Amino acid sequence: MEPRQELNSIVVTTEQMANIEGKIFAGGMPVAALMEKAALLTSQRIQQLYPLHTVDKVGVLVGPGHNGGDALVIARELHLQGYDVCVYCPFTKLKELTQQHANYAHSLGIPYHNDLESLNHCQLIIDGLFGFGLKRSLSGNLAIDVDRLNQWSIPVVSVDIPSGLHTDTGEVLGTAVKATHSLCLGLWKPVYFQDQALAYTGIAEKIDFGIPLKDIFSTIPQPIPLQLLHKTLALGFLPLPRPQLTHKYQQGHLLLIAGSHRYAGASILSSNGAKASGVGMLSVAVPESLKPLLVGKIPDGLVIDCPVSEKGVIASLPPLATDFASYDIIACGPGLTREATEVVTRVLEAKCPLVLDADALNILAQLGTVNRLSKRQNATVLTPHLGEFKRLFPDIHNPEKDRITATKQAASQSGAIILLKGARTIIANPQGKIWIIPESTPALARGGSGDVLTGLIGGLLAQNKTTNHPLEEMVATAAWWHAQAAILAAKERSELGVDAGTLSQYLHTIF
């Protein structure tokens, strides 16, 4: 990947972005010149999104700092291009550079207001109240005005981030602007990938204003600690191309342990995910009553029938399923029910990598052994949703308030690779490397979609012996692949038409 292209995947914290800007200024770049450069590019993008022939009345919200300065440069440029611009600034004291731009806006005859209602005739609002690094809550009349703005049916474009959001955690600081579009300046910030902020960020884009690569890579550690997974990277992590001389067992052997009388479909759905991965050989251990069903659904797999309890739950694993040395990886959990404790306990003894999902996670939480996973001889991948995460890691309080940090803490604590499912799925390894899946769809909020993901992860990891990528890269690739299949299916069938079976049928179309 080209270095400039790699910037599209880098996510920086408030501190890192401030340090990068500090290096730019220390190198001799005037603050005013950088503001002008970033704001001009932002202005051009706004004009592309909202051309003059469709929108001509624009209100600009101006804050006291340099984000307000950016907004005033944008206001000036839109005014000079013929837009009818007016400014709302509820602050009496501005930073020196921002005040200079305010003075020039006055000289151009741009109307200036200190009450928001004066902008209610506008067709577009530019939010430049606060940029990255905000820590204090919005309060008083300003908070009232932001709440009033959110009630208007006027599109809002936020400059850098919507005002009122914490840049790193996505927390709403009192209240926050609900943007239609957010134009992130320079490099991506974590706020755009925290689930709690998504209702405020709208459609997000990054404005690359040409930060020198040396200033970025001398600031952030290597390997890059916080990164988005895009198609270019995902393609590079796939076990492709295959060698001309190979056979099925060289392309990985996955043992999938899934299903119960109550959740018979889980074994089928997770098997479909595994098959879509291209894994060389798939073995599926299911309750003996489900074997006829599975044989018909996955004729290319080896179905292992297991003895069951009175409740139709796998009671124990037969010798064929406990010959763990025969498998490159084991995926366990979908549809097992919480009564399959003996199965999960036995699987934890395996020396190969494990993927644990669904009821395997709940059993692991009941056993209280999650922090002993680091003692296993090989990697463990845990794939919880938020509820399962809280059961596994009860001492990580309120993980929903900063899902990125919570996932990192869980990986460090457990010694496992953690995939925290959500609107923006987070993957972390025990060393602190984090991958983020930058887009998804609510179409995935369907029973069984996680089962498909479990099989897909297991199938990809089983093939990794031919490429030897870090396992978290393969886990992230499976999650990205899964999300992209759902996005494509939702476009063609609507968000209501993507059941888990349909989702598995779309997996083959992504690459």
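Me: Is Phe-393 buried or exposed in this model?
Reply: Phe-393 is buried, at a relative accessible area of 1%. Buried means under 20% relative accessible area, exposed over 50% and partly exposed in between, with a 1.4 Å probe and protein chains only. The model is predicted: local features need pLDDT of at least 70, side-chain atom pairs count only at pLDDT 80 or more, and totals for chains, interfaces and linings use all residues. Residues are numbered from 1 along each chain as its sequence is written, and side-chain values use heavy atoms, with hydrogens and water left out.

Me: How many aromatic pairs are there in the whole structure?
Reply: The search finds seven aromatic pairs. Rings of Phe, Tyr and Trp (its six-membered ring) pair if their centres lie within 6.5 Å; planes under 30 degrees apart count as stacked, over 60 as edge-to-face and the rest as tilted.
Reply: One of these pairs joins Trp-188 and Phe-193 edge-to-face, at 5.6 Å centre to centre and 70 degrees between the planes.

Me: And what pair does Phe-389 form with Phe-393?
Reply: Those two form a tilted pair, with 5.1 Å between centres and 45 degrees between the planes. Phe-389 counts as buried, at 0% relative accessibility.

Me: Back to Trp-188: which residues are in its cluster?
Reply: Ring pairs link Trp-188 with Tyr-192 and Phe-193. Trp-188 counts as buried at 11% relative accessibility, and Phe-193 counts as buried at 4%.

Me: New topic: where does the charged end of Lys-433 sit?
Reply: That end sits over the ring of Trp-435, 4.4 Å from its centre. The criterion is NZ of Lys or CZ of Arg within 6 Å of the ring centre and within 35 degrees of the ring normal.
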